[in-house]
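The following report describes the architecture of one protein chain. Please consult the sequence and the coordinates alongside the text.

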Amino acid sequence: MIYLNNAATSWPKPEIVVQTVSETARALPAESGRSAAPSSHDIVAQCRRAVAHHFCTRSENEVIFTSGATHALNLAIAGYVQPGDRVITTTIEHNSVLRPLRTLQRDQGIRLVLLPCTPEGSIDPDDLSRELSKGASLVVVSACSNVTGAVVDIQALVALAHQSGAAVLIDAAQWAGENRLDFKELGADMVAVAGHKGLFGLSGTGVLLLREGVSLDPLMSGGTGIQSQNPFQPGGRPLKYEAGTPNYVGIAALHAGLTFHHNGRPGCRHTSRSAAARLHEILTALDGCTVYGPPPGPRQAGIVSVSLRAMAASDLCFLLQESFGITSRAGLHCAPLIFPHIGAPPEGTLRLSPSAFTTDQEIETVGDALRQVAEAL
């Protein structure tokens, strides 16, 4: 099987991640902060330090563990936005952004602005500047499109938002891991990260990077293991945002994924971006194939979306799986607003997303398979 659905969940996982999952599941349960003598081997504390180091946060207190990027985005949006606020987001966003914001629009009367995207699936800073001149409390934007892989000039957008007094929340689910993310340098107030994609961890894990000085209303309340006499959720970080028993196995796996990155990602020949660049080159030259998004380069992440003549993306996805053993993904990719802007079919595209484990031969095989299908149409 050739797996090209890494934008959904990365596979395979590095061996260090697989071993860590097994060892952690077999070990005596570790109750972080809930025993008399927490040790230096505390799973959660170790991973928090590793995350803080990897993303260059100012302190470990800026690292909040969540059940995924969706949880992180909901925590940030629901915890920051107030009734009647004006919030700016974009047409490239995932439903993990759009649905929480539309819920607040319906229930709390927030004023929601949707910036259009370019034909490549990026955001023009001038469009944001015009909307910011009308005021906003929060700007929410993806670091790159999960449909076209177009990379957004996040630093420019952050600078514009802060000049206007708006906070910034970045959806980095498709960015973190395969690309550098320096939280201090970026300057954003909040960044949502998925653990199961480019960081090679498990599904059900994520992080909200929350700048010190930015306070959110907690999304959940519950057990913390300390201050049990307090009738409300404790106010200090990270307890304020991490109610309940941690996902120890998932957090240990995330730590292992970060270790894999820091050890130079042994066994990986390239990055997802270089693999996608070769795929883009092959498919652009293929008669009858339309490739969406920017050309290979610094403004392109490791995602390639295509359509093939009059063939529905879902049929092409099924054919690749059944006839060639190629796993991809078809449809709207949970980002339904982008497709009219990039000129794609209303039912969506076929998305091919390699990883650092994807081999050169696999990329060539995928190109040959799509060539065969195109010639048969």
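Which residue in strand 10 is the bridge partner of tyrosine 292? The partner is serine 305. The model in which this pairing is found is a predicted one. The average pLDDT of the protein chain is 94, and 97% of the residues score at least 70. An exception is the stretch of residues 35-40, where pLDDT stays under 50 and the model has 2 contacts beyond four places in sequence. Where pLDDT is low, the predicted coordinates should not be read in detail.

**The four-stranded sheet**

The pair of tyrosine 292 and serine 305 belongs to strands 9 and 10, which run antiparallel and are joined by 4 bridges, with strand 10 spanning residues 304-308. These strands are part of an open sheet of 4 strands, ordered 9-10-13-12 and paired in the antiparallel sense. Strand 9 (289-292) and strand 12 (329-331) each have a single partner strand, so these edge strands are left with one side that has no neighbour in the sheet. From one strand to the next, the twist averages 30°. Helix 10, comprising residues 313-324, lies across strand 10, strand 12 and strand 13 (349-352), and runs at about 40° to strand 13.

| Strand pair | Sense | Bridges |
|---|---|---|
| Strand 2 and strand 8 (residues 206-210) | antiparallel | 4 bridges |
| Strand 3 (residues 86-90) and strand 5 | parallel | 2 bridges |
| Strand 5 and strand 6 (residues 167-171) | parallel | 5 bridges |

At the level of residues, threonine 66 has glycine 206 of strand 8 as its bridge partner.

Strand 5 (residues 138-142) is mostly covered, with 5 of its 5 residues buried. Leu138, Val140 and Ser142 are buried on one side of the strand, and Val139 and Val141 on the other. Together with helix 6 (residues 154-163), strands 5 and 6 make a right-handed β-α-β unit.

**Nonpolar cores and a buried glycine**

The largest nonpolar core contains 56 residues, of which Val51, Phe65, Ile170, Leu181, Val191 and Leu209 touch the most other members. Helix 2 (residues 43-54) gives the most to this core, contributing 6 residues. Apart from this core lies another, of 25 residues, including Ala275, Leu283, Leu286 and Val306. Leaving aside residues up to four places away in sequence, isoleucine 170 touches Val141, Ala143, Ile154, Leu186, Ala188, Met190, Val191 and Ala192.

Glycine 257, in helix 8 (residues 248-262), is buried because its relative accessible area is 0%, which falls under the 20% cut-off. Beyond residues up to four places away in sequence, glycine 257 touches Val17 and Leu199. The C-alpha atoms of glycine 257 and isoleucine 16 are 7.5 Å apart in space, although the two residues are 241 residues apart in sequence.

Definitions and conventions
Residues are numbered from 1 along each chain as its sequence is written. This is a predicted model: local features need pLDDT of at least 70, side-chain atom pairs count only at pLDDT 80 or more; totals for chains, interfaces and linings use all residues. Side-chain values use heavy atoms; hydrogens and water are left out. Two strands pair if DSSP finds at least two bridges between them. Axes are lines fitted to C-alpha atoms, for helices over the stretch in contact, and angles run from 0 to 180 degrees between N-to-C directions. Contact means heavy atoms within 4.5 Å. A nonpolar core is a set of buried Ala, Val, Leu, Ile, Met, Phe, Trp, Tyr and Cys residues joined through side-chain atoms within 4.5 Å. Buried means under 20% relative accessible area, exposed over 50%, partly exposed in between (1.4 Å probe, protein chains only). A crossover is right-handed if, with the strands pointing away from the viewer, the path from the first strand over the helix to the second runs clockwise. pLDDT is the predictor's confidence in each residue, from 0 to 100.
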